[in-house]
Amino acid sequence: ENIVSITGYSLGNDLTRTGYFKCSDDLINQIYETDLYTYRSCTTEGYTSDCPHRERLGYGEETYATAWGIGFPNYDINSYMDKHIQDWIDVQDVTTGRILNTAPQTYWNSYGGLLWGSAGVNLANELYRNTGDVNALRKIYPSAKSWINFMASKVTDGLFPLAASTERGMYLGDWGMPNGSMGWGNEPPAQYFNNCVFCLNLINAINTINLLQGTDGVNYAADLQLFQNMLNILRTNIHSTFYNSTTGLYSQGTMVQQAFALLVGVVPDNCRA
């Protein structure tokens with residue numbers, strides 16, 4: 001029997017739209033709407049998946065990037081993000097503090113890195129920035145502290161090290177850069193990127209402490225001092241290791257590498273210009 005017609009149905013979350021964008025360039029408008037369509041397609045199951053058709057795992061890097069890049073500016077996703085932050089807490093190894101690269105699924109061999117595993121603490125801070133609600137920060141803090149302790153346990157000579165060749169896919173750097181480099185964890189650009197991520201996590205943890213201090217009867221003073229010292233040392237070592245004073249470039253000098261150093265305060269005042 002011949003098929004004479006097919007009806008296709010578009011499935012996605014019934015997210016409440018809160019933000020809009022339009023400009024004079026029709027192509028940019030189309031790209032923008034396509035981004036939103038993709039986001040709805042990749043959030044149908046209560047987490048942000050890699051893609052709607054193949055890798056339906058909740059990779060942390062995509063979760064964080066799309067949260068501030070697409071989610072919060074365009075949709076009411078506060079409850080969705082609060083739930084997803086719990087997903088990252090749930091997949092944390094309670095013994096080591098390590099967090100998997102995907103949530104809520106626990107798939108040990110999935111590729112990822114520090115930006116993947118730190119999605120929970122990054123999302124909680126993003127949720128606070130958009131809502132002013134400290135509850136997510138209070139919920140994530142024990143997990144964030146354990147995660148930072150895990151990363152600190154790996155530090156050698158003042159830096160998060162290069163990954164072993166056998167774990168190069170577990171500590172990715174700036175994955176899928178425009179020039180085609182894939183940022184394997186055993187390559188220096190990935191080491192630079194991951195140390196900047198470590199700075200970002202420490203900044204978010206310090207920010208969390210400053211917002212929680214005095215609100216819940218917990219004294220965070222020791223943690224605050226420890227994290228601030230770690231951040232200061234890390235910033236100094238990143239600059240001394242990866243900065244080329246002749247060219248004014250960090251690592252390979254890509255836009256992401258330059259911007260990341262500025263974002264997390266690695267650049268000394270006399271080099272910022």
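**Exercise 1.** In this predicted model, find what span the 13 residues of helix 5 should have, and compare the distance between its end C-alpha atoms.

*Solution.* Take 1.5 Å a residue. The expected span is 1.5 Å times one less than the number of residues. For the 13 residues of helix 5 that gives 18 Å. The end C-alpha atoms of helix 5 are 18 Å apart, so the two values agree. Past the end of the helix comes Gly-132, with a positive phi near 75 degrees.

**Exercise 2.** Which residues of helix 5 are buried, and against which helices do they pack?

*Solution.* Start with the cut-off: buried means under 20% relative accessible area. In helix 5 the buried residues are Ala-119, Gly-120, Val-121, Asn-122, Leu-123, Ala-124, Asn-125, Glu-126 and Leu-127. Next, look for their partners. These buried residues pack against helix 2 (60-74), helix 3 (78-90), helix 4 (114-117), helix 6 and helix 7.

**Exercise 3.** Describe how helix 5 packs on helix 6: angle, direction, handedness and contact residues.

*Solution.* Helix 5 spans residues 119-131 and helix 6 spans residues 135-154. Their axes lie 9 Å apart, at an angle of about 160 degrees. Angles over 145 degrees count as roughly antiparallel, so helix 5 is roughly antiparallel to helix 6. The crossing is left-handed. Now list the contact. Helix 5 contributes Gly-120, Val-121, Ala-124, Asn-125, Leu-127 and Tyr-128. Helix 6 contributes Ala-136, Leu-137, Ile-140 and Ala-144. Sorted by type, the contact residues are 8 nonpolar, 2 polar and no charged.

**Exercise 4.** Where does Tyr-75 lie, and is Tyr-75 buried or exposed?

*Solution.* Tyr-75 is in the loop between helix 2 and helix 3. Its relative accessibility is 4%, so Tyr-75 counts as buried. Then check the contacts, setting aside neighbours within four places in sequence. They are Leu-15, Thr-16, Arg-17, Thr-18, Leu-36, Tyr-39, Arg-40 and Ile-70. Finally, take one separation: Tyr-75 and Ser-10 are 65 residues apart in sequence and 18 Å apart in space, C-alpha to C-alpha.

Technical notes:
Residues numbered from 1 in each chain as written. Predicted model: local features only at pLDDT ≥ 70, side-chain atom pairs only at ≥ 80, totals over all residues. Heavy atoms only, no water. Axes fitted to C-alpha atoms, helices over the stretch in contact; angles between N-to-C directions. Helix = DSSP H or I, 4+ residues; strand = E, 2+ residues; numbered from the N terminus. Parallel < 35°, antiparallel > 145°, perpendicular 65-115°, else oblique. Left-handed = near helix turned anticlockwise from the far one by under 90°. Contact = heavy atoms within 4.5 Å. Nonpolar A, V, L, I, M, F, W, Y, C, P; charged D, E, K, R; others polar. Buried < 20%, exposed > 50% of the residue type's maximum accessible area, 1.4 Å probe, protein only.
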